[in-house]
Each structure stands twice: as structure tokens, then as C-alpha cells.
Amino acid sequence: MKMSNMLVLTMKEVPAEAEISSHQLMLRAGMMRKMASGIYNYMPLGLKVLKKVEDIVREEMNNTGAQEFLASAMIPGELWQESGRWDAYGAEMFRVKDRNDRDFCLGPTHEEVFTDIARNEIKSYKQLPINLYQIQTKYRDERRPRFGVMRSREFVMKDAYSFDKDQEGLDISYNKMHDAYVRIFNRCGLDAKPVEADSGAIGGSNSAEFMVKSEVGEDDVVFCTCCDYAANIEKAVSTPEISQEETKKDLGEVETPNARTIEELVKFFNTTEKKFAKTLIFNADGKIVAVMVRGDREVNETKVANALGGVNNLQMATEAEVKKATSAAIGFAGPIGINVDTLLVDNEVANMYNFIVGANKTGYHYENVNYGRDFKGTLGDFRNITEGEKCPKCGGEVTIARGTEVGHIFKLGTKYSEAMNANFIDENGQSKPFIMGCYGIGVTRTVASIIEQNHDENGIVWPLAVAPYEVSVIPVNSKDEEQMKVAEEIYAQLKVLGVDVIMDDRKERAGVKFKDSDLMGIPMRITVGKKIAEGQVEFKLRNAEDTETINIADVYNRVK
Ligand code: ATP
Ligand code: MG
Ligand code: MG
Ligand code: MG
């Protein structure tokens with residue numbers, strides 16, 4: 001590609017709307033442009049990177065024996081009715097109607113679709129195992145789209161679905177995906193670690209998220225400082241300080257038909273409305289004094305009430321009351337947006353208050369929720385781990401860091417196959433539900449995360465494997481015929497040799513060209529200037545300080 005033919009979209013200014021480096025740089029380098037909140041158009045430079053990441057994903061998926069499909073992004077509502085998720089998915093789903101008033105959605109994920117494909121096309125155990133994947137645009141009406149394509153409303157995902165005849169088969173399929181994910185992120189130059197993740201209602205150690213440590217991440221990840229233990233805080237459970245025995249004595253005195261056990265409550269928070277409420281705050285008696293919700297999570301009164309199995313005659317608490325109740329608490333469970341230390345205060349104050357449930361957001365709280373009447377149970381098992389506590393694996397000390405989820409692998413079991421009647425005939429002629437797994441990678445989020453990890457003050461520093469171009473050839477003076485001739489020759493030769501090369505033949509000052517090349521993050525730069533008189537050009541690596549002078553004849557060896 002020659003830059004004189006390109007629509008060059010680089011910009012000097014840092015766009016006001018972009019808060020984090022990757023978002024700023026994707027705009028400044030001209031990789032993408034915003035069309036609406038959380039919706040972006042990919043410009044040629046961004047598309048090139050996206051395709052390179054997709055190709056790595058595709059190659060590694062194919063190597064595991066998975067087969068590429070492409071399902072429709074538009075999905076009939078009936079499939080979601082069958083699985084029970086049409087209602088459960090909530091406001092995050094983009095819903096549309098056709099001219100006959102039939103329900104459809106723009107797929108946020110495709111478990112239902114691939115379960116449907118399997119039940120129609122796979123009849124016998126002899127056809128198993130099968131793993132089907134696609135690389136496709138997904139739609140989620142995120143409550144708070146932010147950070148560019150890190151959390152957008154339209155994004156590219158690779159999603160794979162495995163179908164096995166038994167649990168052992170699923171274990172193998174799952175492990176294959178796990179290993180493929182490790183290779184994919186390695187090849188992308190991204191430091192992403194698998195961490196134990198919450199598998200909600202399905203239970204067991206059945207889910208792992210691939211996390212990139214990052215200050216701009218939206219998840220909290222627990223790491224052990226002594227061993228390799230790592231888990232999403234939603235999953236990490238501490239050794240309870242308040243024993244179940246202690247809390248049990250508070251139980252069951254007041255029965256109510258609506259009461260949910262804390263186990264159910266925690267499950268609810270973990271699964272159906274995973275993103276909405278997670279922090280239980282309890283006092284010295286092991287009573288919950290508050291249920292906190294992270295501020296950026298979708299939450300409303302009805303949901304909180306539903307979570308508790310119906311809460312009657314409650315009033316919204318004032319902010320001050322909420323503060324008082326939470327500052328009175330002595331323990332908590334779940335990721336929190338508040339300082340742990342501030343919770344370690346007076347029990348007396350705590351006892352003056354009944355429970356408060358809601359979000360850490362003005363106007364989203366109920367007061368006087370009654371433990372026992374409105375919900376009941378024990379909490380010992382469900383307390384999430386906190387900074388400095390003992391590692392559940394080795395007893396060492398844990399630390400908590402922010403992370404971005406770039407991938408998620410999950411053993412589904414028969415959750416969807418049972419709900420949707422997706423069966424095969426086994427060795428004994430019996431009909432059995434498929435044992436399923438699902439495996440996602442946020443491709444566009446991966447691109448942003450690579451930039452987040454690989455940039456400096458001058459721009460992006462692409463790892464070679466995903467760089468939009470590997471080499472930029474820059475004639476210092478585009479009006480100098482000799483320089484242009486040599487640059488053209490180097491450009492043409494590298495192209496013939498299969499190098500992804502770009503030549504900046506624009507009639508711009510050399511400084512402008514260097515700046516753009518650095519901003520776009522091209523890993524290698526060949527500068528064609530006055531030294532051609534001695535048969536030499538300058539060679540510079542994007543992530544090196546120094547420029548080397550090399551013979552023109554050595555360019556190819558240096559590049560490869
Ligand atoms: P998050 O916790 O960040 O909301 P998720 O758990 O809802 O993500 P999954 O349903 O597990 O996401 O989807 C698989 C992958 O798709 C995620 O690991 C992530 O990389 C990517 N992804 C999910 N939501 C978005 C989004 N709004 N924008 C970009 N990528 C996303
Ligand atoms: Mg999500
Ligand atoms: Mg998640
Ligand atoms: Mg996930």
C-alpha cells in the first residue's frame with residue numbers, strides 16, 4: 001500500500017471522548033471512528049489488525065479440529081423462549097420485530113442457535129465430538145458502553161460450541177479450547193492469564209476467564225502472591241470468618257413464603273443478573289445489613305426486590321442511612337466499590353438498623369428489609385475473598401487487581417440441550433442430551449487490549465504478528481527522484497517477498513511521516529535518505545531507541 005493512495009486518518013489531538021490509551025490511539029491512528037454510542041466503523045487500518053487477530057484465532061481453532069460456521073446474527077425469538085432466556089436476558093438484548101410482528105433479536109451470543117443446529121443435524125454418538133465456531137458480530141445494548149471497543153454495543157466475537165456424548169468428552173473438548181486460547185493470546189503478544197471464573201447455577205470448577213491485568217479493567221481478579229492461584233473475585237471464596245454454626249442460630253424463626261435462602265440469593269446474583277448485585281454486607285451477628293451493587297451495573301428496584309423473593313412495604317433509604325448502615329457493617333462479600341476498612345466499625349450502630357438492600361447509587365435502596373422475613377440463610381460459605389487474606393489453594397497471601405476479560409470458556413453440560421430437546425442416540429440406542437461447552441473470545445476487545453499493553457507516548461507499538469503493516473518505507477524527500485526510485489525498489493522487493501509493507505510516498509515533511517508511522521505502530525521503519533549515495537538506508541525498530549545504518553542489499557535479511 002502506498003500512503004498517497006490512502007485516506008490517511010491520523011490525528012494529533014487526543015480526542016476528548018476517549019478516556020483510556022487504547023481508545024485514544026485507535027482514534028488517533030485512524031483505526032476506527034465512532035458512529036453512535038458504543039458503535040464504531042472500522043477504517044482500513046483497524047480492519048487490517050482485526051483480520052490479523054481473526055486469522056490467528058481461526059488458525060488455532062482449526063488446529064483443534066473445530067469447524068467454522070456462520071450463523072445469522074438475527075435470531076428468532078422462539079429459540080430464546082425455548083431456552084428460557086428471552087425474558088431473562090433483559091435490556092441488554094436488542095429486540096426487533098418483523099413486518100408480521102414476530103420477535104427477533106440481534107444475537108448477543110449464540111448458545112440457542114448452535115443447540116438448534118446440533119439438534120437438527122447431529123443424530124448419533126458416532127458423529128460426536130463436534131466443535132462448531134464462528135467469528136461474528138454480536139450485539140449487546142450495554143448499559144454503559146465505554147472505552148471504545150472495550151465495551152461496545154456491537155463487537156466481534158469468536159464463539160465456539162462443543163457437543164460431546166459424555167462428561168469425559170466435554171473435559172477433553174474444554175481442555176483443547178483452554179490450550180488453544182493460551183496459544184492465541186500468546187501469538188497476539190497479549191499477556192492474558194486464565195483465571196477461575198464463576199459458573200453460576202451450573203456449579204463446579206467449570207469456567208475460566210482469560211484476564212488481562214489492567215487498571216482500566218472492569219473485573220476484580222484475585223491473585224496469590226505465592227502460588228499460581230488466580231480467580232475472578234466473583235468466584236474466589238474466602239475461608240469464612242463467621243462460621244455457619246454461628247449464623248445458623250439466626251435462622252428460620254420467622255418463616256415467610258417469599259423468603260429466599262442466602263444461597264439462592266447469592267446464586268441469583270451470580271447467574272441471572274450476574275452483572276447487577278454482588279456485595280452482601282453483614283454485621284457481627286452474621287446478619288446482612290446491606291446488599292451493595294457496583295455503581296456501573298444495571299440495577300433497579302424491582303430486580304433487587306425480585307432477588308430477595310419479593311420485598312413488601314419497603315421504603316427507599318436516604319443516602320445518609322445507607323452510609324450509616326454500611327459503615328456499621330463488619331464484613332462483606334463480593335467485589336465492592338468501597339473501602340474495606342471503612343466497614344470495620346461499631347456494632348451498636350449496625351443493630352439500630354434493619355437491612356438495607358440496593359445499589360450504591362442514589363435512589364436505589366430499600367430499608368427495613370428483614371432478615372428471616374424477607375430472606376434467610378447462612379453466609380459463611382459465600383463470603384468473597386479480600387486483599388491480604390489466605391489463598392484458598394496454598395494458604396499464602398492474595399492480592400486483588402483489576403482485569404479485562406478477553407475470553408471465557410465454559411462447561412455448559414446439558415443446560416441448553418435439555419431445555420431445547422437437543423438429543424442424540426447413544427451406543428445403546430437411547431436418546432441423550434448433548435453435553436455442551438461454549439467458548440468465547442472478544443476479538444475487538446482483544447485488539448484494544450493489545451494496544452493497552454503495547455504503546456508509548458508516540459503511539460501504538462504493535463507486536464509483529466498483528467501489526468497492520470510490518471514495515472514502512474519512508475523516502476525522506478518525496479521530491480528527490482533518486483530517493484523515490486530506491487524506496488520504490490525496496491517496497492516492490494519486500495512485497496514480492498511477502499512482507500506486509502507500506503510506503504509513505506506522500507509529499508509531506510519527513511518528520512510528519514515518522515510521526516504517523518510511530519502513531520500507527522508499524523514495527524519496522526526503513527528510511528531512504530541521503531545515505532543512498534553510499535548504498536545505505538536507515539533501519540529502526542518501533543520499540544528500539546537507536547537507528548541503524550544498513551546496506552540496501554541487507555534490507556530483506558534485516559526485515560525477516
Ligand atoms: P463482560 O463481563 O466484560 O461484560 P461477558 O462476561 O458479558 O463480558 P461473555 O458473554 O463471556 O462476555 O462473552 C465472551 C467475550 O466477549 C468476553 O470474554 C469479552 O471478551 C467479549 N465481550 C463481551 N461483551 C463485550 C462488549 N460489550 N464489547 C466488547 N467485547 C465484549
Ligand atoms: Mg457482559
Ligand atoms: Mg464477564
Ligand atoms: Mg464472560
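I started with helix H1 (residues 21-28), whose axis comes within 8 Å of that of H13 and crosses it at roughly 105 degrees. Angles of 65 to 115 degrees count as roughly perpendicular, and H1 is therefore roughly perpendicular to H13. I then looked up which residues make this contact, and found Ser21, Ser22, Leu25 and Met26 on H1 and Ala448, Ile451 and Glu452 on H13. By class, the contact of H1 with H13 divides into four nonpolar residues, two polar and one charged. I keep in mind throughout that this is a predicted model.

Next I turned to the packing of helix H2 (residues 44-63) on helix H13 (residues 443-453), where the axes are 10 Å apart and the angle is about 115 degrees. H2 and H13 are therefore also roughly perpendicular to each other, and the crossing of H2 past H13 is right-handed. From H2 the contact draws on Val49, Leu50, Val53, Glu54 and Val57, and from H13 on Val443, Thr444, Thr446 and Val447. I noted six nonpolar, two polar and one charged residues in the contact of H2 with H13.

I listed 15 residues surrounding ligand 1, the closest being Phe155, His408, Gly440, Gly442 and Arg445. By class, I recorded three nonpolar, seven polar and five charged residues in the shell around ligand 1.

My last entry concerns an open sheet of five strands, which I read in the order S28-S27-S29-S30-S31, with mixed pairing. Strand S28 (501-503) and strand S31 (547-551) each have a single partner strand, so each of these edge strands has one side without a neighbour in the sheet. From one strand to the next, the twist averages 25 degrees. Within this sheet I followed strand S29 (residues 524-528) and strand S30 (residues 536-541), which pair in the antiparallel sense over four bridges, and I found Ile526 opposite Phe539 in S30.

I finished with the helices that lie across these strands. Helix H14 (residues 481-496) lies across strand S27 (471-475), S28 and S29, and runs at about 165 degrees to S27. Helix H15 (residues 510-520) lies across S27 and S29, and its angle to S27 is about 175 degrees.

Notes
Residues numbered from 1 in each chain as written. Chains lettered and ligands numbered in written order. Predicted model: local features only at pLDDT ≥ 70, side-chain atom pairs only at ≥ 80, totals over all residues. Axes fitted to C-alpha atoms, helices over the stretch in contact; angles between N-to-C directions. Helix = DSSP H or I, 4+ residues; strand = E, 2+ residues; numbered from the N terminus. Parallel < 35°, antiparallel > 145°, perpendicular 65-115°, else oblique. Left-handed = near helix turned anticlockwise from the far one by under 90°. Contact = placed C-beta atoms within 7 Å. Nonpolar A, V, L, I, M, F, W, Y, C, P; charged D, E, K, R; others polar. Near = placed C-beta within 6 Å. Pairing = 2+ DSSP bridges.
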